[in-house]
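Open the model in your viewer and keep the sequence panel beside it. The stops below can be selected one after another.

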Amino acid sequence: MPSIISSEKQLDLYSIKELPESHAWRSSLDDDGSRNINVESIPVIDLNDDKFAIDRIGHACKTWGAFQIINHNISQRLLNDMETCGTRLFSLPMQQKLKAARSSDGIAGYGVARISSFFSKLMWSEGFTIFGSPLEHARQLWPHNYNKFCDVIEEYENEMEKLAGRLMGLMLGSLGITKEDVKWAVGPRSGCSALQLNSYPACPDPDRAMGLAAHTDSTILTILHQNNTSGLQVFREGNGWVTVPPLRGALVINVGDLLHILSNGLYPSVLHRAVVNRTRHRLSVAYLYGPPSGVKISPLSKLVDQRNPPMYRPVTWSEYLGTKAKHFDKALSSVRLCAPRIGFANSKDQSGVQVG
Ligand SMILES: C=C1C[C@]23C[C@H]1CC[C@H]2[C@@]12CCC[C@@](C)(C(=O)O1)[C@H]2[C@@H]3C(=O)O
Ligand SMILES: O=C(O)CCC(=O)C(=O)O
Ligand SMILES: [Fe+2]
């Protein structure tokens with residue numbers, strides 16, 4: 001059942017000619033540093049580069065919490081097919097999309113970003129979340145023609161799962177952790193990821209609007225595909241908001257809160273957001289990779305000792321998603337056990353930039 005809240009909140013942004021007050025986040029004179037084009041951007045890492053990829057990934061996780069990858073073996077054909085699926089979905093008439101609306105207590109379906117309830121202004125975007133089989137929602141969207149969508153989603157999820165496993169191996173490997181240290185990472189997995197399609201219509205007043213508000217992902221890692229329109233920005237201490245330029249065929253990798261916990265804060269999750277654009281429609285697809293359900297995530301034993309006690313208590317993915325839905329930017333600190341040691345490299349915790 002479409003929830004009343006999401007259908008009321010979901011304006012048809014494609015037809016609006018002037019930014020409504022409900023969507024005005026800031027004054028166009030605000031300067032948050034994100035127009036600073038001289039700043040370096042997140043690293044681009046070639047996965048074929050056997051010799052250096054692992055160290056570069058470790059360094060990127062420590063210093064940025066994000067990087068782009070090339071030579072990842074996901075075909076351009078599949079990335080294009082996924083993009084086409086997203087475009088087809090968001091081009092449907094609003095009343096059709098609302099047939100697949102996310103219920104107020106659910107995860108999957110069409111609607112405004114889940115974190116919208118924490119903000120007084122609305123975001124200039126719409127989203128569709130796939131968690132488990134997309135079949136039922138696809139049938140509601142295209143009663144006679146849902147197969148193509150489901151086939152592409154299935155293929156995309158399968159390919160992304162393989163890539164995410166490989167990336168997790170590299171990220172943990174750069175910390176000296178092997179797959180044998182993380183038992184649940186080996187062997188078959190089921191239903192441990194979500195797919196988020198985001199659409200950002202062209203916006204009449206982009207400087208005052210917000211596509212997707214600043215957040216960290218409640219994942220181990222996220223693999224993001226953006227179409228050729230920029231909008232994604234990551235926050236970096238000392239630099240402020242840094243734009244991640246779209247590179248054809250490249251994928252953006254974000255460190256999520258669960259890797260932050262697993263690494264005992266060595267790889268902090270990255271604060272990021274999406275801004276919008278006056279002339280171009282932007283589409284992004286996020287593969288949100290988590291641990292198998294039931295598995296408790298806690299700082300890896302190899303990374304803790306007397307001088308480095310575990311900083312977070314064990315949580316399952318579903319517990320953490322619930323915590324995030326309730327506490328949003330305080331979710332990470334709400335599972336925290338102790339204050340960081342003086343001099344410990346996790347400045348976000350004290351900076352007032354929010355996040356755990
Ligand atoms: C598996 C996930 C991760 C979710 C919740 C659930 C499905 C939708 C994901 C997102 C996607 C958009 C940003 C975010 C912050 C949101 O509002 O919905 C994400 C959230 C999270 O990372 O917490
Ligand atoms: O659209 C983007 O670039 C960001 C999307 C995102 O952060 C998310 O889906 O979690
Ligand atoms: Fe995100």
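How do the residues of the lining of the largest pocket divide into nonpolar, polar and charged? In this predicted model, the lining holds 18 nonpolar, 18 polar and 8 charged residues.

**Stop 1: the largest pocket**

Begin with the pocket itself, which holds about 960 Å³ of space. Its lining is made up of 44 residues. Select Arg-102, Ala-113, Arg-114, Ile-115 and Gln-196, the lining residues that lie nearest the centre of the pocket. Then colour the elements that give two or more residues to this lining: helix H1 (4-9), S5, strand S6 (212-215), S7, strand S11 (272-274), S12 and helix H8 (317-327). Several of these are visited again below.

**Stop 2: the iron ion**

Select ligand 3, the iron ion, and show the side chains of His-215, Asp-217 and His-272. These residues are its protein donors, through NE2 of His-215, OD of Asp-217 and NE2 of His-272. The donor atoms lie 2.1 to 2.2 Å from the ion. Along the sequence, the spacing of the donor residues reads H-x1-D-x54-H. Both His-215 and Asp-217 are buried.

**Stop 3: strand S12**

Next, select residues 282-289, which form strand S12. Of its 8 residues, 8 are buried, so the strand is largely enclosed by the rest of the structure. Look at its two faces in turn. Arg-282, Ser-284, Ala-286 and Leu-288 are on one side, Leu-283, Val-285, Tyr-287 and Tyr-289 are on the other, and both faces are covered.

Strand S5, residues 193-200, runs antiparallel to S12 and pairs with it over 8 bridges. To find one of the bridges, select Ala-194, whose partner in S12 is Leu-288. Strand S7, residues 221-226, also pairs with S12 in the antiparallel sense, over 6 bridges. Here His-225 has Val-285 of S12 as its bridge partner.

**Stop 4: strand S4**

Ile-130 has Leu-195 in S5 as its bridge partner.

Select Tyr-110 to see it opposite Phe-128 in S4.

**Stop 5: helix H8**

Return to H8, one of the elements in the pocket lining. Which residues of H8 are buried? They are Trp-317, Tyr-320, Leu-321, Thr-323 and Lys-324. Turn the view to look down the axis of H8: the buried residues fall within an arc of 160°, so they line one face of the helix. On the other side of H8, select Ser-318 and Lys-326, which are exposed.

**Stop 6: Lys-183**

Finally, go to the loop between helix H6 (147-173) and S5, where Lys-183 has its place. Is Lys-183 buried or exposed? Its relative accessibility is 66%, and the cut-off for exposed is over 50%, so Lys-183 counts as exposed. To end the tour, draw a distance from the C-alpha atom of Lys-183 to that of Tyr-312: the two are separated by 19 Å, with the residues 129 apart along the chain.

Definitions and conventions:
Residues numbered from 1 in each chain as written. Chains lettered and ligands numbered in written order. Predicted model: local features only at pLDDT ≥ 70, side-chain atom pairs only at ≥ 80, totals over all residues. Heavy atoms only, no water. Donors = N, O, S within 2.8 Å, 3.2 Å for Na, K, Ca; no water. Buried < 20%, exposed > 50% of the residue type's maximum accessible area, 1.4 Å probe, protein only. Helix = DSSP H or I, 4+ residues; strand = E, 2+ residues; numbered from the N terminus. Pairing = 2+ DSSP bridges. 1 Å grid on protein atoms, 1.4 Å probe; cavity = no way out; pocket = protein on both sides within 12 Å on 5 of 7 lines; lining within 4 Å. Points joined across faces, edges and corners; volume = space filled by probe spheres on them. Nonpolar A, V, L, I, M, F, W, Y, C, P; charged D, E, K, R; others polar. Arc of directions from axis to C-beta.
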